[in-house]
Amino acid sequence: MPTIQWRNRIDGGHGAKARLCPPYDLKGAGEVSGATFFRDEAGMLSPFWRSVLIVAIFLLVWPPIFGNVGWWMKFDHGPLLLVGVAIIAMWSYFFAPAALFVGIIHAVAAIRFHHNSVWVPMLAAGCAAILIMFSISAMAPEPTHNLLNIPLEGYFIFVVPSLIASLICWRLTRRFARPA
């Protein structure tokens, strides 16, 4: 096994301190290994993989939370049984495009713009509610041209579950949003 010999280097002569640095003339210096595919030079996950993990968490966790909260708001028939929760969670993956959209919003805001405040899930929940309303109206058997005449309760049934699901997933993905 080759040993790495460190050399002293003095930077620029501007009073900089001597630093230990690896010799760059070694064979294999600068080669890309499989470890750098997932991690950067500092040993943390690369921004690409952090954003993939954020979106994956949103795709897996957001729809069941949205479905269960929405069902509880619409049909409050007492405590849900475990079978009911499981059925709602399975059918809630109908809203996976909205979860993908919200996850991408969070990943771009956190990784690209370094903005990870509570305003991100609030904005994403509003966008998801609009996307869900338009997707449901697009699949309706008769044309629904006027989404503005929906009673206010119709909006809350999409906005509140979206906000709760977005806040929970936002909290779960905060460790991937931070660079250090």
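In the predicted model, Ile157 is in contact (heavy atoms within 4.5 Å) with Gly70, Met73 and Lys74, its neighbours within four places in sequence being left aside. Ile157 lies in helix α6; helices here are DSSP runs of H or I with at least four residues, strands are runs of E with at least two, and both are numbered from the N terminus. Although Ile157 and Lys74 are 83 residues apart along the chain, their C-alpha atoms are separated by 7.0 Å.

Residues are numbered from 1 along each chain as its sequence is written. As this is a predicted model, local features need pLDDT of at least 70 and side-chain atom pairs count only at pLDDT 80 or more, while totals for chains, interfaces and linings use all residues; side-chain values use heavy atoms, with hydrogens and water left out.

A nonpolar patch on the surface is formed by Trp72, Met73, Phe156 and Val159, which together have about 380 Å² of accessible area. Helices α2 (47–74) and α6 (152–172) are the elements that give two or more residues to this patch. Patch residues have over 30% relative accessible area and no salt bridge; nonpolar side chains (Val, Leu, Ile, Met, Phe, Trp, Tyr) are joined within 5 Å, and like charges within 9 Å. A salt bridge is a side-chain nitrogen of Lys or Arg within 4 Å of a carboxyl oxygen of Asp or Glu. Accessible areas come from the Shrake-Rupley method with a 1.4 Å probe, and for residues only the protein chains shown count as cover.

Phe156 is found in helix α6 and is partly exposed because its relative accessibility is 44%; buried means under 20% relative accessible area, exposed over 50%, and partly exposed in between (1.4 Å probe, protein chains only). Asn68, in helix α2, has a relative accessible area of 19% and is therefore buried. Not counting residues up to four places away in sequence, Asn68 touches Val85, Ile88 and Ala89.

The structure holds 0 disulfides, a disulfide being a pair of cysteine sulfur atoms within 2.5 Å. Cys127 is partly exposed at 26% relative accessible area, whereas Cys169 is buried at 0%.

The mean pLDDT (the predictor's confidence in each residue, from 0 to 100) of the chain is 76, and 65% of its residues reach 70 or more. Confidence is lowest in strand β1 (residues 7–10), with a mean of 49, and highest in helix α4 (residues 96–112), at 92. The pLDDT is below 50 over residues 11–18, a stretch with 6 contacts in the model beyond near neighbours in sequence. Where pLDDT is low, the predicted coordinates should not be read in detail.
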